[in-house]
Amino acid sequence: MRACSIQQQRAAAPASGARCFVPSVRPPVGVRPVRSLLHPTQQASQQHATALVARAVASQAGPPPPRAGKKKVKKMVDITGEVLKDLSNGMFQVKLENGVSVIAHLSGKIRQNRIKVVVGDKVTVELSPYDLTKGRITLRHKPGQDPTASTAGSS
C-alpha cells in the first residue's frame, strides 16, 4: 500500500491514471537456497564413496556385454608389392604380387622415421577392406631380404 502511494505521488501526468507498482517476491540478495542438509564437503565425499562402490561392483562383474549396434573392426589385408611410380605427397603406385596395381600412401611411422621409399623398392601394403584400390605402405623391405619372411615377424 505504501509503494502505491509513493508511485501515485511521483506520477507526472495525473490524467493518465494512477499506477500501482507491486514488487515481485524474491529472496534477499545474500541468501542462498538450501540444496542439501549435508555440508558441501560431506556431500562430495558421499558422492565419491558411492562412485567407488559402483566401480568396485562393476570390476567384479567382469567386462560389460557387447553392444548391439557396435560393429567389429575389419582387419586390414597385408600384401607385398613393388613401387612402380612416385606420385606427389607421399603417394605411390604399387604393383602387388597378385598383379593388381594400387595407389598407396606412406604410414605415419614411415614418415616419422624418415624412411625413403623409391621406385623399385619392395614394400608391404595394407589394403582397406572397403576400397581395394587404395592402401597404406607400412614396411619397406631391405634389398637383399625376402619380403615374405619379414611379414611373419612384424605385427
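This is a predicted model: local features need pLDDT of at least 70, side-chain atom pairs count only at pLDDT 80 or more; totals for chains, interfaces and linings use all residues.
Helices (H or I, at least four residues) and strands (E, at least two) are DSSP runs numbered from the N terminus.

Residues are numbered from 1 along each chain as its sequence is written, and side-chain values use heavy atoms, with hydrogens and water left out. Local features need pLDDT of at least 70 and side-chain atom pairs count only at pLDDT 80 or more, while totals for chains, interfaces and linings use all residues.

Strands E2 (residues 91-96) and E3 (residues 101-106) are antiparallel partners over five bridges, with Lys 95 bridged to Ser 101 in E3. Four residues separate E2 from E3 in a hairpin, and Gly 99 in the turn has a positive phi of about 95°. E3 also runs parallel to strand E5 (residues 134-140), joined by four bridges; here Ile 103 stands opposite Lys 134.

Taken together, five strands close into a barrel in the order E1-E2-E3-E5-E4, with mixed pairing. Along the sequence, the protein chain reads α-α-β-β-β-α-β-β-α, giving four helices and five strands.

Of the 155 residues in the protein chain, 17% are buried (under 20% relative accessible area, 1.4 Å probe, protein chains only). Among contacts (heavy atoms within 4.5 Å) between residues at least 6 apart in sequence, 45% join residues at least 24 apart.

Key
Buried means under 20% relative accessible area, exposed over 50%, partly exposed in between (1.4 Å probe, protein chains only). Two strands pair if DSSP finds at least two bridges between them.
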